[in-house]
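Please look at the sequence and the model first.

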Amino acid sequence: MKLRTKLTLFNAISKLVIVILFVLLLPVLIKNININYTDSRLRKQRDEVLQTVKNVGIKYYIEDGKSYAGYTPIKDVYVSLDEDTTAENLDNIKNEARKVEADTIQYRILSHNFKADKKKYLLEIGISLDTVNERTAPLQSIAFMVLVVMIILTILADQLYSDYILRPLGLIIKTKLIGQKFPNFGSYKQVETTTDDFHHLDISIHEMIHTIESTFQKEREFISNASHELMTPISILQSKIENMFEQEDIADEIKGRLLEMQKILNRLKSITKTLLLISQIENDQFLKEDQIRVSSLLQEVYDEISIRFQDKNINYSVEVRDDFLLVNINKFLLFNLLFNLINNAIKYNHENGDIHIEASHENGEYVVEIIDSGIGINPADIPFIFNRFKKLKQSLQQDSFGLGLPIVKSIADFHRIRIDVASEKEKGSTFKLIFPASLIGR
Amino acid sequence: MNVLIIEDEKALAKELEIFLTNYNYVCEVCYDGTSASERVAVNLYDFILIDLGLPDYEGLDLLKEAKASNPDAAYIILTARAEIYDRIKGLDMGADDYLAKPFSLLELQSRMQAITRRKFGLKNNIVELGEFQVNLTDRIITHNDIEISAVTKKEFDLIAYLILHKNRTVTRNQLSEHIWGSIINDDYDSNYIDAHIKNIRKKLNAFGPPDWLETVRGLGYKVKINA
């Protein structure tokens with residue numbers, strides 16, 4: 001899951017939890033607030049009554065021992081003042097029912113007793129609970145709406161900010177990691193960010209890539225230089241051996257040994273030339289400007305390789321179902337790719353074995369398949385067959401040094417040709433070359 | 001014919017000189033660009049073999065300079081730096097051929113022969129071999145005026161190479177370097193030359209005995225021409 005998605009999800013879920021909690025708590029909260037508010041109103045009323053009694057005297061409310069009681073017309077507030085007979089001091093607020101005329105109404109009642117004119121009086125002030133609750137509903141809905149609006153606003157703000165703050169990370173991933181051909185990353189461009197962590201990440205990635213790149217570069221340069229440097233001494237040795245071989249006074253026995261030397265030198269030469277070729281391919285020193293029909297290319301390879309079928313009496317067949325034109329290729333390299341694959345198909349084949357080549361355009365893919373009836377490859381070994389100097393246990397005691405398939409791989413990579421290998425022991429192998437559309441001409 | 005060898009590797013220059021002298025060329029050797037530049041200014045040569053990787057001189061500059069004073073000479077570039085761009089540049093600048101080190105001395109000689117034939121426009125270059133006639137210009141083999149068309153291009157290449165180095169033993173390595181030299185593969189000891197020779201003998205035998213094509217036991221092959 002992407003970081004941004006995770007943050008958004010967390011953001012939304014946490015807000016949702018807050019909303020639910022608040023919705024659950026809201027009635028209780030509002031009720032409490034209301035009660036507190038009502039109570040303070042009650043106390044204010046009480047203080048006013050007491051103040052009046054103090055200033056004017058109890059007579060203002062009570063004359064000749066009658067009790068005082070007052071209601072508003074809808075009976076939402078009531079005040080009563082009466083002589084008190086209880087001994088203890090009272091000053092509390094509680095919910096109680098009072099019968100007013102015909103109705104029994106729930107009131108929140110403040111009871112307070114006090115002395116005036118040597119008599120004890122009980123003051124009761126009540127506010128009907130219906131009135132209190134009437135206020136609760138609109139308060140609740142207002143609070144709820146404010147909450148929703150604020151939550152939407154914070155979600156939006158969070159989203160915008162996390163988008164803004166995560167943009168450098170997205171850029172780093174998009175420009176530095178995805179779609180880069182390893183190890184050719186091209187030039188470094190710093191990602192703009194004010195976040196230290198992203199800056200650090202960007203720099204670290206750049207430094208790692210740089211290290212990898214320079215290591216690759218050094219390896220390629222080393223192989224290229226080493227093989228170039230080897231060419232001259234090999235050349236001198238070869239010339240010396242050839243000159244000695246031509247000398248008339250040399251016995252046949254010595255000539256035989258010179259020939260052995262020539263063979264060994266040839267081996268050294270082949271390895272060096274092959275390594276040099278691979279390094280030249282990897283250093284992009286070949287042009288891709290040729291074009292050729294796949295049938296012509298296969299014919300050219302056949303002309304060179306057909307002599308090799310003779311020894312094992314191999315049955316070679318080619319089926320070009322779709323003769324597509326290859327463009328933007330290097331003919332020399334593609335020739336060598338096919339030559340090496342077919343050469344391997346011969347080397348690892350049985351007597352009277354088969355090699356079948358198929359060129360076709362199927363399901364939008366341009367494919368050349370080399371199918372042999374040879375000894376096959378152990379499935380566990382398939383991932384390693386393209387490694388340099390890798391000789392698999394099964395490979396026969398052949399006169400080869402394990403660079404045939406690495407050449408194939410380098411050339412294929414250079415042209416962005418995909419190779420699929422399928423093989424079954426003792427049944428044979430199939431090498432499938434899948435050409436990208438960019439190499440196909442009209 | 002006069003040959004100027006410009007090669008900074010003394011050991012290699014020496015072997016080139018020995019080999020070409022054997023083939024009746026008159027050789028002069030320069031180990032650096034400065035002396036070569038002086039030499040081409042005063043002498044005329046038929047062949048100039050030039051190593052592009054000289055320590056004191058830009059190889060292509062030297063080539064340009066030499067071409068100014070020796071316009072009729074044939075130029076063959078020898079280099080260990082087998083970059084394709086050099087090759088294109090070298091041939092563009094009027095080099096007649098190009099050999100990447102390491103090369104076989106026989107290959108060098110065959111290239112020089114080819115240039116000679118081209119330059120002097122030798123026609124009807126026909127070699128008599130027993131009952132057979134090999135036309136090196138038209139690349140055909142005939143037996144009593146009947147063309148043997150079964151002989152493939154590769155097979156003709158082999159015969160022509162052996163004729164060029166007639167009466168000398170040419171090893172399998174030298175032959176395969178000549179006909180498969182540009183193919184890069186990881187076999188270093190192939191005996192496919194034998195298969196080719198076998199096929200050639202079989203095809204020619206249908207017309208007459210190709211006695212002139214000899215196997216030198218354990219060493220290689222030879223075309224024998226009594227001249």
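## A sheet, a chain and two kinds of contact

Three strands of chain A form an open sheet in the order E6-E8-E13, and their pairing is antiparallel. Strand E6 (290–293) and strand E13 (440–441) of chain A are the edges; each has a single partner strand, so one side of each has no neighbour in the sheet. E6(A) pairs with strand E8 (residues 325–329) of chain A in the antiparallel sense, over 3 bridges. In this pairing A:Asp290 lies opposite A:Ile329 of E8(A). Two strands pair if DSSP finds at least two bridges between them. Strands (E, at least two residues) and helices (H or I, at least four) are DSSP runs, numbered from the N terminus.

This is a predicted model, in which local features need pLDDT of at least 70 and side-chain atom pairs count only at pLDDT 80 or more, while totals for chains, interfaces and linings use all residues. Residues are numbered from 1 along each chain as its sequence is written, and chains are lettered from A and ligands numbered from 1 in the order in which they are written.

Chain A as a whole has 8 helices and 13 strands. Its radius of gyration (taken over C-alpha atoms) is 49 Å, well over the 22 Å that the globule rule gives for 442 residues, so chain A is more spread out than a compact globule. That rule is 2.2 Å times the number of residues to the power 0.38. Along the principal axes, the C-alpha atoms of chain A fill a box of roughly 165 × 45 × 40 Å.

Chain B touches chain A: 34 residues of chain B are in contact with 42 residues of chain A. Contact means that the C-beta atoms of two residues, placed from the backbone, lie within 7 Å. On the chain B side, H1(B) gives the most, with 7 residues.

| Helix of chain B | Residues | Residues in the contact |
|---|---|---|
| H6(B) | 153–164 | B:Lys154, B:Glu155, B:Leu158, B:Ile159 |
| H8(B) | 192–205 | B:His196, B:Asn199, B:Ile200 |

The angle between H6(B) and H8(B) is about 95°, and their axes (lines fitted to C-alpha atoms over the stretch in contact, with angles from 0 to 180 degrees between N-to-C directions) are 10 Å apart. That makes H6(B) roughly perpendicular (65 to 115 degrees) to H8(B).

Notes:
Angles under 35 degrees count as roughly parallel, over 145 as roughly antiparallel, 65 to 115 as roughly perpendicular and the rest as oblique.
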